[in-house]
Every structure is written in structure tokens, then in C-alpha cells.
Amino acid sequence: MRLVVDLNRCQGYAQCAFLAPDVFAMHGEEGLLYTPEADEAQREKLAQAAAACPVQAILVDAVDPPAEAVSGER
Amino acid sequence: MNGDASLEQLRREGRVVIVGASLAGLRAAETLREKGFAGSLTMIGDEPYEPYDRPPLSKQVLLGMAGADRTALPRRRALDATWRLGVPATGLDMAAGRVRLADGDEVPYDRLLIATGVRARPWPHAAEAELDGVFVLRTRDDGAALARRLAERPKRVLVIGAGFTGSEIASACRERGLAVTVAERAAAPLVGALGGVVGAVAAELQREHGVDLRCGVMVTALEGDATGRVRAAHLSDGSSVETDVVIVSLGATRNTEWLAGSGLGAGPRGIACDAGCRAFDIRGIVTDDIYVAGDVARSPHALFGYQFLSLEHWGNAVSQAETAAHNMLSASSDRLPHLWMPAFWSSQFGVNIKSVGVPTLGTEIVVSQGSLADRRFVGVYGYQGRVIGAVAFDHARWLPFYQELIETTVPFPPPFPTVDRRPEGRRPVDADFPDPSVPTHGPTVTLSGYSPADRRMTFTPAH
Amino acid sequence: MTQSLLHQILDYANRADPYPIYEELRKTPVHHEEDGPYVVGTYYEIRSLLHDPRISSDARNLASTARDPLAESAQEGSALPPSFLRLDPPEHDRLRRMTNRPFGPPHSPHRVDGMRGELRDIVAGLIDGIGDPGRIDLVEEFSYPFPVTVICRLLGVPREDEARFHTWADTIAASLDPDPDADPTERGKESHEARMQLGMYLAGLIEERRKKPGDDMLSELATAKGPDGAMTTMELLSTAALLLIAGHETTVNLVTNGMLTLLRNPDVLQRLRADPRLAVPVVEELLRFEPPVQLVPQRTPLADIEIHGVTIPKGASLWLVLASGNRDPQRFENPDRFDPDRRDIQHLGLGSGIHSCFGAPLARLEAQLALAELARRLENPRLLEDPPPYRQNAVLRGPRHLPIACDGIRP
């Protein structure tokens, strides 16, 4: 699962890092680092983390990667 | 009537071409589909990869938390697009409505969005730039190559340029326990974006984390060994640094060369467009079918005197792409202006730095909350007696308040007490930005992908 | 005679459904009655004030003329110094940072995540222990003991001492309620006494943990030496008291309000039974729809501030009615509809800004697990009383009892 956090919105409430610590990590008091591609095993925790974000800054793939194949083909 | 019918036809069976398959291009494409665009969509990108996120390249990727090949952007929805990746656009025929590709193909469009972004400014001496161990950091390939080299534990890394990207790279290297020298032409890191007062805090932060920070110097030459590997850098103060990895972090160049001669108002400063994201041609006349979004765009902003701003900001790319996509499918009265409040972030040496507004316009700064010495503070920038920008070090939750101050053009310095206003925060001081009227940028000028430092203001529209 | 809006908010008769009064409240940007606090109930204004550095949480900044029973009880209750909830930066930031060290990231990133199994076991045990399915008081049998057990384990407070601190905690929680009819002097005295007793109890515990530290938060707080140094004993006592009280007084209501709301929305309950993952959006919507902390009654401006033409003077008492903001139609579509499918849900249920709920991630997990398991295990549950009897408290609002019945308990 691909994900991205809008760090302009993020205010460091760390809810994601509490609930899915293998995907999100606080770096210092307020900075957030995350794994942009999470393992399938993290799906439920990732959903919890995204829902809990007080500023709704976490975007998780709405599309399975293979469903939208990308190639250089015309 | 006629207009409505042709818009309806555009939505149903029109051809939209997006040049630039990164953040802005992807979000624009998704917005088009969300708005009901059912025609053909072609995404053209010079890199052979699907859209990926760049900010992690200087953080998670260098720290080894994520592979450079695993930063692809999540999708909001399926796109049903034709992807032409790894094939740069090389020309534009405005009259015929066609984009030329490097492989000789031509792609016709009814609406074109240009989101070609910027690229890293290379080391100016081509032969030295070719040395093994000399890197820039902008693309996924750059990130992968640099991460690989850092994993080999070089004896010393030299970062040229202490803008945001350079500083983040230095931070990641220190966290990995690597020896780092940073060479910066200005008096401190981040001065181009945040001024000397805040730059001094950034300098302390770097030194405290063990960075060998050299300010007020330029790198004059890179020296290779017999095998073509970089071994040393020579500095303008006569000193030299032995190093096996050099990262050139001198800001960015706009990807507009492919538009040369097309008649579009494009140049080294980017592509000028109106507040609705429509590109100007070289005569200063706005086009109807060509839109611009992201780092490559320059557009007028109501809050900042309608001056043309170019913003190399992640949030700007998203917002401008959405506005451009909306406007492409809308009649003139339904179009929206791009009025995004400039904002950026940087994470370095364990500190979260965030900013709103345009600090670089500021002439003065006052610390309204916290203290510089604690490295936890809000600095407010003033310009002609009003609040124009703010920066927060580990104080992100207060920034929405300062955004409101900027939006409501509150006087500077803000006269009120705050929950943590210290004696040092009673009087504004000179924000200490380098003189913007001096356009010379030597090789160590410090610009970065997330920095507003190279926002350019001009009172002449396109040309 | 019509009651003033402020009295209506505080009137126990309106406890079961304060939302029509909040609707009235939202008709003016700032509601103010003679001598009373300035009350704000619209979403955007509340959110801005929560991020406004001119607004203090420190009772010492209240003007002496501001009539606020809370301030009085806070002064009376000087047995313990103010906790970080009632402090401003930099003291607030320092204490919260130190308290967070043994609780959350970056220093303890796995503490809460690591409690999932334990939470599940506690929930299972409590549901197993339900007596007569024909008449269950969900509060007594489930929603009170669950968070109390959790906070005791987390802090390292012996569960068997619960009877001792329960009364103190209730008294202190009640003192947070700006009940106009209560005698402030009498209440102040009671709350002072309770704080004193709780303080002495915790002091004894902390002494033990200092000698023989465990892996609980109290031990870590008592022995920690981070970059911010160590807490003083008094700071430690205030912090421990805050965590102990806040750790269960609020979650009780979240869980009880949750079950009540689900029983009033049987289609959602049915969906939750079929898919426990729905608990995640259910709890977020619940935090919007029936937040356990209805209002923040303890703010004061450090300077005159103006909101839509109304000046709130420096030192005035300022109330932010979070539960009203959560029902603001300017912000949420169909705000009075409980809709876990809502995509746009940036509620104020846990506050916002630097004082946003410290225990939020734990409260979320507790409520998600509790509601998912109750939905799964209770057969054909139904309300025996609607509305149920509420607690007096208008701030920490929730049912005192939630009598329900079901046909049986699934394994």
C-alpha cells in the first residue's frame, strides 16, 4: 500500500505513530517520518492511523497498484 | 450556448495531455477524472517511473527507512490514462495543438497542462561534475545512487549548499554516523529562505550535531584521483576538504527549455500564468488551452500584491494542479483563482521546521513565542508594517493562527502578548536576508526543492 | 421566566439532549451574559481559539472579577499545583514532553500499540463476567471498570486500590463542572480534600516505585532523567493525578455514549457486528457526535480579543463548547445525523492545538475494541431506558447508568 502524508497539514499530534508504529515514526518532538510503501500486514493499523489523524493529512492508496498499470506503452 | 456545447464535448471526448508525470501532473489527472472528464488523458514524463514523492528522498531514503524505488505516490482513484514515461517532451506547436516527444511522436491535445517542474542545478564545471562520487539529489535515481553510496560508509561527505535539501542531507548523514562537511556561501544555513536570524539557529543546530559547517565560503574546485573518483574539494578561503562523496545542493533550474521558440511565455524563471493557471504567450496574452501547475509555474497572488510568485512547494503543486484541472473543464465564470497560502516544512536534526506566508519578503522578524535559544519558537516576519510570513521550530500547532494574521493583513509587529512571549520577543530585529537586488548566484547559492528562497518577484508579466 | 442560555447548558434537565441549546448558542458568535463567561459554540471560531497564542489555560491569568467557579475551586485545591492541562508554555510543553516520554513516540513508540492484546483480554473478561443478560448496567459492569483497569496497569496503580481513589476521582471530576447551583465554597472544600487525599495516596505509590521501579509509567516518570531533567515531586503528583482521573472519567463516557448511540442506530450496530473494522470510523464519528468532553471551560485571553465584532476582554473566562462546534452545520453536512461513513470528519472531540487530548490514541483503541466486541458478543441488545439517567456533570457528560438487556452473550 502506497501512502503519503501532507506535511503542511501535519501538526505533529503523533496519532499515526502511536497506532501504526511500524509505518510512522516521530523524528524529534514533532517531525514525522513514514514508510511510503507499507506492507500488506499493516493494512488495519494504517486504516486506524489515517482515521485518527486530527488534521486528516494521511492519504492511502484508493487503488491497488496493479489495477492501474503504468508503462511506456502508447 | 456555443461555449457550453463545446465544453460539454470537451468533457465527453476531449483530449487532455499532461506533460510532467510527478505530483502536480498526477493530482491534476485525478481531479480531471473526479470532475467527470471522460475523454482521453495522456501523461508524459521524462523519467521512466510512475509518479513518486520527492520529499522522502532526502529523509527516509537516505536514512535507509525506505528504498528510493518505494516512494510512489498513492492514487486517489483510477485514471484510465495513456502513460508515455521515459520520453521527454521536446517541443510544442501551439497553433496545431501538438506536443512533440523525444522519440519523434507528436501528441495532439485540446487542453494541455504543463507541470514539468524543476531539476537539480548541476555542478557548473562539467568535468568535475562527472567525477565518481559527485551527486545531486532530485530524482529517484539520484536518491537510489546516493543512498547506495552512503551505505558504503564514505569517510567524509561534503554537502555544497546549506539550503533545505542540503541541510536535510547533512542531517541524514549525521544520523547515520557519517562525517559531514557543509560548505555554504552565505553566513549561515537556510538564510536564503528564512534570513540570518533564524539561519544562526540552524547553524548552531548543525554544529551541535557534529556537522563541520563552513559558512561564507565557496567551493572553487573539486579534485579527482587517477581513477576519476572525487578525493578533495578546494574552498575559497584557501582550505581544502578531503572527501569521497560530494553532494551538490545548489537549488533548481526550471524545465522550460523544451518550450523555446514555441511562443509560450516560458523562460528560466518558469512559465507565467494568470491566477486561473492559464499560461501567457510571449506577447503577454493569456492562452485558452494551455495551463500550468507546480514548480514550473509563476502566478500572481492577491495576498502579496499580485506579484508573480513561483513556489517550489509540495502543497502548491497539489493545490495548483487541482485548480488548473478544474479550470480546464470550466466556463470562464466558473473558474477558480489559485490562492494557496505558501507553506513548507523541513525536518532536520530532530527539529520540525514549518513556515507559512512569504518570509523572504520580510524585512524584520520578531520572536512571538518561545525562544531562539531553546530552538522552540515562532518567528514572525514583517514587511511594510504588516505580517507577511512566519516560521516555527517545533511549534507547528500555532501556525494556523499566524496564517490567519497573514490572510487578514495584521499590522507588524503583532502588538499582543502571547502565552510564551519572552523579553527577546518584544522588539523586532532585522530579518537579515541577503540583498535580493543582487541577482548573482555563485556556485554555492542555497536553494532547495521546498524552499521559497528562489521565489522571484517581478512587476513585468511575461516579457 | 425563560432561563438564560448558560443556565440551560448547565441545567441537569437538559443533560440527555443539550444539542438544541447548542443550536441556540451558535446563533451568536460569542454568547455573553452579565457577569458570566464568554461562550463560543461555532466550529471555526473554536478551532481558531484553540490555536490562538493569546488564549491562556492558566487560571492565574483570570481577572479576579471573572466569575468562574472553576477558578475558585482551582485555587482552593492548591493541595496540588496545576497540572499541564492548566499551564501555558513553556511549563506546559516541558511537563507534557516529560509525561509523553514513557507513553508515546519518539521515546516509547510501542507502548500503546503493545497494549492491544491486554486491552482485548480485559474486554473479553468483563463481557464474560456480565451477570444477568436480562438487565445489564453497562456503566457498572463494563464501561467504568474497563478504562480504570487500563489506566491502573499503564500507570502502575494497584487495581485493588480502585475503591479508594474512585471517590476522590469522582469528586475532582465533579469540581470541573461549572454547576451554578452548587455552593462553590463547599465544593471547593470537598475538592481540596479529595486532591489532598489523592495526592497523599499517589505520593506513597511514587515512593514505592522509586525504590522498586517496574515497567509502568509512574516508575518511569519517577526515575526518568531526560533532557528536560526530572519532575519535582509536586509536578509528578499533579501529573499522576491528571492521568489517573482523565484516563478513565472520559473514556467511560466515550464507551457508554458509543453503545447508547449504536443502540439508537441499529443499522450501524448491525454493520459493526458484521465488520469490526467499522469500529474505526464509528469511534471518530462518535467523537464528533457525542464527545465525552463537551466543553473546555478554562481559557482566558491575555489581551482583549475580537471575534466578529464582539470583544472578549483580557482576563475574562472563556468557554469553548466543543460538542456544539461538532454539530455546526457551517462545518458538517447533516450534523445531527450519526453517520460513520462521513468522509469529512475533522471533529473537535479531542480538542486541538497544544492541549489536545494526551491520551487520545489509547482512548481510541479502547473505544474501538470495546464497541466492536460488545456488538459482536451481545445477542439482540436493546435499551431498557431511553434516555438513560445521566451524571450531573455538564463538562464530562455521559450516562450514570446504561440499563440494557440482551438475549444472551456469544462466546
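In the predicted model, chain C contains an open sheet of five strands, arranged in the order β1-β2-β8-β5-β3 with mixed pairing. The edges of this sheet are formed by β1 (31-32) and β3 (55-56) of chain C, each of which pairs on one side only. Strand β1(C) runs antiparallel to β2 (residues 38-40) of chain C, and two bridges join them. Within this pair, C:H31 lies opposite C:V39 of β2(C).

Chain C also provides a pair of packed helices. Two packed helices are described by the angle between their axes and the distance between the axes. For helix α13 (residues 266-274) of chain C and helix α16 (residues 360-377) of chain C, the angle is about 95 degrees and the axes are 8 Å apart. Because angles of 65 to 115 degrees count as roughly perpendicular, α13(C) and α16(C) are described as roughly perpendicular to each other. On the side of α13(C), the contact involves C:L269, C:L272 and C:R273, which meet C:L371, C:A372, C:A375 and C:R376 of α16(C). Sorted by class, the residues of this contact comprise five nonpolar and two charged, with no polar residue.

Chain B has 29 strands and nine helices. The C-alpha trace of chain B extends over about 65 × 65 × 40 Å along its principal axes. Its radius of gyration is 22 Å, which agrees with the value near 23 Å that a compact globule of 463 residues would have. Of the 463 residues in chain B, 56% are buried. Among contacts in chain B with a separation of 6 or more, 67% are between residues 24 or more positions apart.

Two local arrangements of strands in chain B can be described in detail. In one of them, strand β4 (residues 89-93) of chain B and strand β5 (residues 98-101) of chain B run antiparallel and are joined by four bridges. B:L92 has B:V99 in β5(B) as its bridge partner. The hairpin of β4(B) and β5(B) has four residues between the strands, and B:G97 adopts a positive phi near 70 degrees there.

The other arrangement is an open sheet of three strands in chain B, with the order β13-β14-β15 and antiparallel pairing. Strands β13 (219-224) and β15 (240-242) of chain B are at the edges and have a single partner strand each, so one side of each lacks a neighbour in the sheet. On average, and with direction ignored, neighbouring strands of this sheet are turned by 20 degrees against each other. Strand β13(B) is connected by five bridges to strand β14 (residues 230-235) of chain B, and the two run antiparallel. One of the residues involved is B:E223, whose bridge partner in β14(B) is B:A232.

Chain A contains four strands and two helices, which follow the pattern β-α-β-β-α-β along the sequence. Buried residues account for 57% of the 74 residues in chain A. Of the contacts in chain A with a separation of 6 or more, 65% link residues 24 or more positions apart.

Chain A also touches chain B, in a contact that takes 28 residues from chain A and 35 residues from chain B. On the side of chain A, β1 (3-5), β3 (31-34) and β4 (58-60) each contribute at least two residues. The residues on this side of chain A are eleven nonpolar, nine polar and eight charged.

Methods: Residues are numbered from 1 along each chain as its sequence is written. Chains are lettered from A and ligands numbered from 1 in the order in which they are written. This is a predicted model: local features need pLDDT of at least 70, side-chain atom pairs count only at pLDDT 80 or more; totals for chains, interfaces and linings use all residues. A residue is buried if 20 or more other C-beta atoms lie within 10 Å of its own, exposed if 12 or fewer, and partly exposed in between; C-beta atoms are placed from the backbone. Two residues are in contact if their C-beta atoms, placed from the backbone, lie within 7 Å. Ala, Val, Leu, Ile, Met, Phe, Trp, Tyr, Cys and Pro count as nonpolar, Asp, Glu, Lys and Arg as charged, and the others, Gly among them, as polar. Axes are lines fitted to C-alpha atoms, for helices over the stretch in contact, and angles run from 0 to 180 degrees between N-to-C directions. Angles under 35 degrees count as roughly parallel, over 145 as roughly antiparallel, 65 to 115 as roughly perpendicular and the rest as oblique. The radius of gyration is taken over C-alpha atoms; the globule rule is 2.2 Å times the number of residues to the power 0.38. Two strands pair if DSSP finds at least two bridges between them.
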